[in-house]
Amino acid sequence: MQHTARQTIVTIINLLILLALLVFVFGHSMQNQAESAQESLGVLAVLSHVMNTIVGHNNLTDHMVRKLAHFSEFAALGFFTIHLCRVRFDIGWHFVLHSLFFGLLCALTDESIQIFNDRSAQVSDVWIDFAGVCCGILFFLLLHGIHRIWKKAPSEERTVSEAD
């Protein structure tokens, strides 16, 4: 299959985004417990002003911030992984499975890194990370499906109106 210059550029950009995400995720895993806690408390201070209306006053905790961060990082990872597959190929179930496996491998690696940095590795975090990957992939597939339907709709309407 021959790829266009646009596909090559989008592939390179996508790979750079994935690399940046992995550096971000694994970089945070390399922080020791004190550094990680300090960063989470800083994010908590910023988010608490915004999130108080959603979760109630003073109900947002450091624990919630950490779990939301895990989920969000890996949702982005899942989204851009399946997007990379879509740029290069038509999406098939095997690409979805490859993306899921890659996300799970990254989640396991993320938690394994923490063992060596004065932090605990938690199976629950692997599940949260993997749930993020799954949601990122599902979100991409939903957008992709909507885009395909939207792209097809005008041509079908023209065919029907020409038949009249």
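Which helix is S29 found in?

Tutor: S29 is found in helix α1, where helices are DSSP runs of H or I with at least four residues, and strands are E runs of at least two, numbered from the N terminus. Before we go on, this is a predicted model, so local features need pLDDT of at least 70 and side-chain atom pairs count only at pLDDT 80 or more, while totals for chains, interfaces and linings use all residues. Numbering runs from 1 along each chain as its sequence is written, and side-chain values use heavy atoms, leaving out hydrogens and water.

S29 counts as buried, with 2% relative accessibility (buried is under 20%, exposed over 50%, partly exposed in between, with a 1.4 Å probe and protein chains only). Skip its neighbours within four places in sequence, and S29 is in contact (heavy atoms within 4.5 Å) with D110, I113, Q114, N117 and R119.

Helix α1 covers residues 5–29 and helix α4 residues 93–115; they pack at about 25 degrees with axes 8 Å apart.

Now look along α4 itself. Its buried residues include C106, D110, I113 and Q114, along with F95, V96, S99 and G103. From first C-alpha to last, the 23 residues of α4 reach 34 Å, close to the 33 Å expected at 1.5 Å a residue.

How values were computed: Axes fitted to C-alpha atoms, helices over the stretch in contact; angles between N-to-C directions. Expected span 1.5 Å × (residues − 1).
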